Amino acid sequence: MLGALDLAALDPTALLLPAMDLSTLRGMVGVLLGVGALIFFHELGHFLAAKWAGVRVEVFSLGFGHRLFGFRRGDTDYRVSLLPLGGYVRMLGQADDDPFQAPTNRDDDFRNKSAFKRFVILAAGVAMNLVLAAFGFILAFGLGIDFVAPEIGSIRPGRPPPQGSLDAA
């Protein structure tokens, strides 16, 4: 039978956070930066395509929720928001919450653009993700990636298992 658990002796931080060293922290920062870059380039695709099509972009945001900081240039509010779980580009006339809303008579309204231009705007985010992935592969394989070769160090004669066509040297 096990003895009683001494809760006073437990370190509460040991229950919440695993032991982290510098490489773990570096990996976590790398993942956050990678996901952030993916989100940024995805939204940049929508943004650039909307500008190309002549659609007014009201907000370019990294993150959702409350605006933390940013700046305004022209008609666009460039911002970083509280919840870093994505991002969005809000265009004039893009009414995702009310798709039956009547379009305005403005030329820079998303709904007044041709079906082809609306398609290009909506597909540009995914296209930018593909461009980023291709660039990332070129960069990673151009710089080189360290890995351990899948080799067996040695097999000693007379020791198991020199089976399965593995020969002792």
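## Briefing: salt bridges, pocket and fold

The side chains of Asp107 and Lys113 form a salt bridge, with N and O 3.9 Å apart. This is a predicted model. Seven salt bridges turn up in a search of the whole structure. The chain has 169 residues, and 20% of them count as buried.

**Salt bridges**
- Asp107 is exposed, at 64% relative accessible area.
- Arg67 and Asp77 pair through their side chains at 3.0 Å, N to O. Arg67 lies in strand S1 and Asp77 in strand S2, so this pair ties together parts ten residues apart in sequence.
- Asp77 is buried, with a relative accessible area of 7%. Arg67 is partly exposed, at 32%.
- A network of salt bridges links Arg67, Asp77 and Arg79.
- Asp109 bridges to Arg111, with the closest N and O atoms 3.0 Å apart. Asp109 is buried, at 0% relative accessibility.

**Largest pocket**
- The largest pocket holds about 180 Å³ of space. Helix H2 (22-53), strand S1 (57-73) and strand S2 (76-91) each give two or more residues to its lining.
- Lining residues include Leu32, Ile39, Leu62, Val80 and Pro84.
- The lining has six nonpolar, four polar and no charged residues.

**Fold and surface**
- Three helices and two strands make up the elements of the chain. From the N terminus, their order is α-α-β-β-α.
- Of the contacts between residues at least 6 apart in sequence, 45% join residues at least 24 apart.
- The accessible surface of the chain is about 12900 Å², and 67% of that belongs to carbon and sulfur atoms.

Methods: Residues numbered from 1 in each chain as written. Predicted model: local features only at pLDDT ≥ 70, side-chain atom pairs only at ≥ 80, totals over all residues. Heavy atoms only, no water. Helix = DSSP H or I, 4+ residues; strand = E, 2+ residues; numbered from the N terminus. Buried < 20%, exposed > 50% of the residue type's maximum accessible area, 1.4 Å probe, protein only. Contact = heavy atoms within 4.5 Å. Areas by Shrake-Rupley, 256 points an atom, 1.4 Å probe, with all protein chains shown as cover. 1 Å grid on protein atoms, 1.4 Å probe; cavity = no way out; pocket = protein on both sides within 12 Å on 5 of 7 lines; lining within 4 Å. Points joined across faces, edges and corners; volume = space filled by probe spheres on them. Nonpolar A, V, L, I, M, F, W, Y, C, P; charged D, E, K, R; others polar. Salt bridge = Lys/Arg side-chain N within 4 Å of Asp/Glu carboxyl O.
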